[in-house]
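Student: Could we go through this structure together? I would like to start with the core.

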Amino acid sequence: MSRSLARQPRRAMRPLWTLAGLLSLALGILGIFLPVLPTTPLVLLAAFCFGKGSPRLRAWILGHRRFGPMIADWEATGAIPRRVKIAACPVMAATFALSWAMGVPGRVLIAQGLLMGIGAAYVLTRPDR
């Protein structure tokens, strides 16, 4: 197989990676205002997607005054600040409790509890910064 043929699938995927990055960033920005959407992981995902799809957008998000330092810190250390860990877990628990109090169906509560438990385990097992 020639080199140009091997590169075609990658080149064809760039618009999809860029679109995924834009969607992730939009959801992350919504997460600033809606507590059910986690802003930081979505912004990190956007940076990853932009790295695959749009070097220009990747450079923009890395240079952003709010998002850039967060992304650079994560890429350099993979650490989560202790204060963020201390805030994240109670917010997850409060969200679950509110869902239960609002009468969310049991199967949704089970899925929510399982996913939040996985999220909390991930957050708590990252190194502190």
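Tutor: The largest nonpolar core has 10 residues: Leu 25, Val 43, Leu 44, Ala 46, Ala 47, Phe 50, Leu 57, Ile 61, Phe 67 and Ile 71. Such a core is a set of buried Ala, Val, Leu, Ile, Met, Phe, Trp, Tyr and Cys residues joined through side-chain atoms within 4.5 Å, where buried means under 20% relative accessible area, exposed over 50% and partly exposed in between (1.4 Å probe, protein chains only).

Student: Which elements give two or more residues to this core?

Tutor: They are helix H2 (39-53), helix H3 (55-63) and helix H4 (67-77), and H2 provides the largest share, five residues. Helices (H or I, at least four residues) and strands (E, at least two) are DSSP runs, numbered from the N terminus.

Student: How was the model treated?

Tutor: It is a predicted model, in which local features need pLDDT of at least 70 and side-chain atom pairs count only at pLDDT 80 or more, while totals for chains, interfaces and linings use all residues. Residues are numbered from 1 along each chain as its sequence is written, and side-chain values use heavy atoms, with hydrogens and water left out.

Student: What is Phe 67 in contact with, leaving aside neighbours within four places in sequence?

Tutor: Phe 67 is in contact (heavy atoms within 4.5 Å) with Leu 25, Ile 29, Val 43 and Ile 61.

Student: New topic: is Gln 112 buried or exposed?

Tutor: Gln 112, in helix H6 (residues 106-125), is buried, with a relative accessible area of 17%. Not counting residues up to four places away in sequence, Gln 112 touches Thr 95, Phe 96 and Ser 99.
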